Amino acid sequence: MEKANKSIRCTVTSCTNHCDCENYCKLDSIQVGTHECNPMMDQCTDCQSFVKKN
């Protein structure tokens, strides 16, 4: 059975780290980063722990 980390909410079902039983991540922690020099909106940030599900 998967263990959902109730501290990290996630709805990205295409990620390997997504807990299929609930909308949470399975990881103990995640890395959040940006693809912008000066991020000003939430769309400028990324979950760098994302791993595409096979």
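Which residues does Tyr24 touch, not counting residues up to four places away in sequence? In this predicted model, the list consists of Ala4, Asn5, Lys6, Ile8, Arg9, Cys10, Asn17, His18 and Cys19. Tyr24 lies in strand E2, which covers residues 24-25. Because its relative accessibility is 16%, under the 20% limit, Tyr24 counts as buried. Ser7 is 17 residues away from Tyr24 along the chain, and the C-alpha atoms of the two are separated by 7.9 Å.

One of the residues that Tyr24 touches is Asn5, which belongs to strand E1, residues 5-9. Asn5 has a relative accessible area of 15% and is therefore buried as well, given the cut-off of 20%. Its contacts, leaving aside neighbours within four places in sequence, are Tyr24, Cys25, Leu27 and Asp28.

The protein as a whole has four strands and zero helices, so that the order of elements from the N terminus on reads β-β-β-β. Its C-alpha atoms fill a box of roughly 40 × 25 × 15 Å along the principal axes. Of its 54 residues, 24% count as buried. Among contacts with a separation of 6 or more, 21% join residues 24 or more positions apart.

The accessible surface comes to about 4400 Å², and carbon and sulfur atoms hold 52% of that area. As for charge, the protein has 6 positive and 7 negative side chains. The centres of these two sets lie 7 Å apart.

Methods: Residues numbered from 1 in each chain as written. Predicted model: local features only at pLDDT ≥ 70, side-chain atom pairs only at ≥ 80, totals over all residues. Heavy atoms only, no water. Helix = DSSP H or I, 4+ residues; strand = E, 2+ residues; numbered from the N terminus. Buried < 20%, exposed > 50% of the residue type's maximum accessible area, 1.4 Å probe, protein only. Contact = heavy atoms within 4.5 Å. Areas by Shrake-Rupley, 256 points an atom, 1.4 Å probe, with all protein chains shown as cover. Lys, Arg positive; Asp, Glu negative; His and termini not counted. Charge placed at Lys NZ, Arg CZ, Asp CG, Glu CD.
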